[in-house]
Amino acid sequence: MKKKLHGFTLVELVVVITILTVLAGILIPSMIGFIVKAKVGSVNSNAKLLSNAAITALTELDTEDKMLPPGDYPWTKTLADNGETKVNPEPEEIMAAKIRKYFDRVDELESAVYRVSTVSVSAAAVQNGDYYGTYPNKTLNSQVDGTEGYAKDPRFDNSSERLLNWAQNASLS
């Protein structure tokens with residue numbers, strides 16, 4: 001009497017592996033797209049938080065009869081530390097310390113900059129080296145969404161002026 005072997009044939013295994021390869025080929029690129037979209041959303045959100053913190057800090061400065069003139073200001077840990085520890089800090093140092101007070105994760109950003117104008121505050125942030133986020137005009141998820149303002153656009157290249165121009169006007173110039 002012959003013993004019947006249980007298992008899969010070579011053809012069945014090849015078919016299953018082929019199907020799994022095709023599915024992986026379809027799913028992996030779309031998953032990468034979701035990862036990029038999440039990172040861009042995160043950095044745009046951080047730029048919005050920076051803008052809101054700057055607006056709140058400006059309001060607080062105004063109630064203290066201090067003023068920060070219109071212009072572009074980088075946010076750095078050094079400025080914030082000086083604003084908290086110096087005896088007579090400069091207005092941008094006071095502002096940096098107040099921003100940290102209202103946006104405690106600002107230290108985690110690779111770089112951050114904000115533009116104070118007479119009517120609004122725009123902000124830009126850089127995260128993970130090559131993800132740029134701006135507010136109020138957000139950077140886009142992909143080049144398909146638009147030809148300018150793509151969140152990994154090399155034309156930004158940590159250029160705070162271009163980032164802030166995009167945040168304020170939706171234009172790189």
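These legends describe close-up views of a predicted model. Residues are numbered from 1 along each chain as its sequence is written, and side-chain values use heavy atoms, with hydrogens and water left out. Local features need pLDDT of at least 70 and side-chain atom pairs count only at pLDDT 80 or more, while totals for chains, interfaces and linings use all residues.

**View A. Nonpolar surface patch that includes Leu 27**. Val 11, Val 15, Val 16, Ile 19, Leu 20, Val 22, Leu 23, Ile 26, Leu 27, Met 31 and Phe 34 make a patch of about 1100 Å². Patches consist of residues with over 30% relative accessible area and no salt bridge; like charges are joined within 9 Å, and nonpolar side chains (Val, Leu, Ile, Met, Phe, Trp, Tyr) within 5 Å. Accessible areas come from the Shrake-Rupley method with a 1.4 Å probe, and for residues only the protein chains shown count as cover. Leu 27 belongs to helix α1 (residues 10-63); helices (H or I, at least four residues) and strands (E, at least two) are DSSP runs numbered from the N terminus. With a relative accessible area of 48%, Leu 27 is partly exposed (buried means under 20%, exposed over 50%, partly exposed in between; 1.4 Å probe, protein chains only).

**View B. Salt bridges of Glu 60 with Lys 98 and Lys 101**. A salt bridge is a side-chain nitrogen of Lys or Arg within 4 Å of a carboxyl oxygen of Asp or Glu. The N to O distance is 2.6 Å between Glu 60 and Lys 98. This pair links helix α1 to helix α3 (residues 91-102), across 38 residues. The N to O distance from Lys 101 to Glu 60 is 3.4 Å. Lys 101 lies in helix α3 and Glu 60 in helix α1, so this pair ties together parts 41 residues apart in sequence. Glu 60 is buried at 17% relative accessible area, whereas Lys 101 is exposed at 53%.

**View C. Salt bridge between Glu 93 and Lys 86**. The two side chains meet at 3.3 Å, N to O. Glu 93 counts as buried at 6% relative accessibility, and Lys 86 as partly exposed at 39%.

View D. Arg 115 is buried, with a relative accessible area of 10%. Its side chain makes a polar contact of 2.7 Å with the side chain of Asp 72 (a pair of N or O atoms within 3.5 Å; within protein, one must be able to donate a hydrogen and the other to accept it, and residues adjacent in sequence count only if both atoms are side-chain atoms). Leaving aside neighbours within four places in sequence, residues in contact with Arg 115 include Gly 71, Ser 120, Glu 161 and Gln 168 (contact: heavy atoms within 4.5 Å).
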